[in-house]
Amino acid sequence: MRALGLTACLAVAVLAVPAIASAQEEEPRPLPPLAPSPHDDLGRALARGELDEAGYALERARSVFQLARARREWGDVERAGRRDATMLLRDLALRVDELTGADRTAARRLLARPDGGGVPIGNGWTSSESANSPLCSLVPGVELCLHWVDGPGDPAAPDPVDDDPFNGIPDFVDLALATLEYVWAREIGDLGYRAPLSDGDSSNDGGDGRLDVYLEDLGSAQVFGYCTSDDPDAGSDVYAVSAYCVLDEDFREFGTAHSPQEFLEVTAAHEFHHASQFAYDWLEDSWLLEGTAANIEETVFPEVDDNVNFLSYSPLTRPWSALDRGGLGDSEYGAWIFWRFLEEKVAGDPAILREIWERVDAHDPDPATPGDEPPDDYSLRALRRELGQRGHAFADVFARFGVVNRRGSYADGDTAGYPVPPLSRVFRIGGGAGWKPERRTRLQHLATRFFAFVPRATAPRRGDLRLRLTVPRHGGRASVLVVRRDGTTTSRVYRKEGTLGRRVEFGRARVKRVELALSNGSTRTRCWRDTVPPSYSCYGTPRDNRRLFRFRVRLAP
């Protein structure tokens, strides 16, 4: 979640040139598409052509911090999500050069650092920085500074209570710095992610090179925080940039599900991860950016579980939706459960996610030296290649993901209340030896549907169920789960594509139900083709949507 200062607005505008070549793609790489628009009057104005992309990006960013103003001008405008500021401000930063006059001035004010960053403040502090600010970490290797104000009556000022009268620093500032130091130690020190790049070339902070974090009254806009960049080196072929971050000054406006300290902890983990991601590629696909940031909340602060809220739009609740789709509700955030699955069930080690980020790395520290270009894969290609190097076929892993979701076997699932994917249909199977009518279903790419077969009272006490399946090529998979009356469950993923027959236990004396999971694990995509929401991996068009699956069943004695 991020914003840009004046220097970035001038530099990042170069990114608006549409023909950007990727190191790994022959086709040109366009700008990321706009974050999908809600079904409100702003979204309708964009659809009708009353606003172009740049104008829409400005008005949507305004709505984050100035919702009442946006509603007076546009009517029915939805409130942005608590973590949506990142993508919305990125949309604006990439299109600011297309604006003119007062609109460009307004955009620069929205995108400025809270202290102004050389721009007349339009969305920042209303008083000068505290005399004791910034407070910089003294922990070796932790290169960050915390900035705040203490002006009387300034809503951005943290609570002045200071239980240590000798240091003159508000307790919340001390807590925020200690939290950020812990997050740095875990994400950079323990997990091995790249530290945020130096902002030493930025004119806005004196060029000291350390990550700057600002405390600001974001809670009044129901925003937790954001990270962004004012890196003057950003340009048509530079995707790895320095960062700065902004966090709420007290976290008291977000309800009582968690304490202010817990909200601070998971927000710091999430937003700092964005600062690290920017050191790889800040224009990556949203399901990778936001999904891994939401997942790292669980990795760094496993006891808080605030990211469970994102599962309301996720493969656990909408398994029939594409995993890599950005902008279906909070789908890019809800994708964190897939990254958790990789970390917990496939690799048994969070390092797998860092290694995927190393494959999307676009940071070239010495562009003048040929032959050492970074890999610069896009999200889905990096994921597929990392799994391949570990000996896994992506389609098999994706099918197993569906099985794990239905079994609800995550380490934190029971205590945190993870939902279980719904069944698309339940079939009750009784007596009769013939084949039941064929059933058909079509699946989007990276999507799964679940069906259940339940033995009726007329079914044999002992016996099997025969399944005849037709599974499409390019990633189609079928998996079967046998749920027994004694509480045990067995499962198997069938890797064969085409027509196959299987026989599974089905006697009503022992079996409660048999579940069939059909998954479309195709990763085939035409990249850099789609510049309008919703967005998928590499802003592309999936090649294998609505693939047809067929199945029939019969009782077998």
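In helix α6 (residues 101–111), four residues are buried: Ala106, Ala107, Leu110 and Leu111. Seen down the axis of α6, these buried residues fall within an arc of 130°, so they line one face of the helix. The arc is that of the directions from the helix axis to the C-beta atoms. The face turned away from the buried side of α6 carries Gly101 and Ala102, which are exposed. Buried means under 20% relative accessible area, exposed means over 50%, and partly exposed lies in between (1.4 Å probe, protein chains only). Helices (H or I, at least four residues) and strands (E, at least two) are DSSP runs, numbered from the N terminus.

The model is predicted: local features need pLDDT of at least 70, side-chain atom pairs count only at pLDDT 80 or more, and totals for chains, interfaces and linings use all residues. Residues are numbered from 1 along each chain as its sequence is written, and side-chain values use heavy atoms, with hydrogens and water left out.

**Disulfides**

A disulfide is a covalent bond between the sulfur atoms of two cysteines. Here it is taken as a pair of cysteine sulfur atoms within 2.5 Å. By this rule the count comes to 3 disulfides. With the bonded cysteines of the chain numbered in sequence order, the pairing is 1-2, 3-4, 5-6.

| Disulfide | S to S distance |
|---|---|
| Cys136 to Cys145 | 2.0 Å |
| Cys227 to Cys245 | 1.9 Å |
| Cys527 to Cys538 | 2.1 Å |

Take Cys136 and Cys145. The torsion about their S-S bond is about 105°, so this disulfide is right-handed. Both Cys136 and Cys145 are buried.

Next come Cys227 and Cys245. The torsion about the S-S bond of this pair is about 100°, so the disulfide is right-handed. The pair links distant parts of the chain. Cys227 sits in strand β6 (residues 225–228), Cys245 in strand β7 (residues 244–248), and they are 18 residues apart. Cys227 counts as buried because its relative accessibility is 0%. Cys245 is buried too, with a relative accessible area of 4%.

Which hand does the link of Cys527 and Cys538 have? The link of Cys527 and Cys538 is left-handed, with -85° about the S-S bond. Cys527 lies in the loop between β16 (525–526) and β17 (541–542), and Cys538 lies in the loop between β16 and β17, so the pair ties together parts that are 11 residues apart in sequence. Cys527 is buried, at a relative accessible area of 4%. Cys538 also counts as buried, at 0% relative accessibility.

**Salt bridges**

The structure holds 37 salt bridges. A salt bridge is a side-chain nitrogen of Lys or Arg within 4 Å of a carboxyl oxygen of Asp or Glu.

Arg69 forms a salt bridge with Glu73. Their closest N and O atoms are 3.4 Å apart. Both residues belong to helix α4 (residues 67–74). Being 4 residues apart there, Arg69 and Glu73 are separated by about one helical turn. Arg69 counts as partly exposed, at 29% relative accessibility. Glu73 is partly exposed as well, with a relative accessible area of 45%.

Glu386 forms a salt bridge with Arg359, and the closest N and O atoms are 2.7 Å apart. Glu386 lies in helix α13 (residues 379–389) and Arg359 in helix α12 (residues 351–359), so the pair ties together parts that are 27 residues apart in sequence. Glu386 counts as buried, at 5% relative accessibility. Arg359 is buried too, at 18%.

Arg524 forms a salt bridge with Asp544. Here the closest N and O atoms are 2.8 Å apart. The pair links distant parts of the chain, 20 residues apart. Arg524 is in the loop between β15 (511–520) and β16, while Asp544 is in the loop between β17 and β18 (547–556). Are these two residues buried or partly exposed? Arg524 counts as partly exposed, at 27% relative accessibility. Asp544 counts as buried, at 2% relative accessibility.
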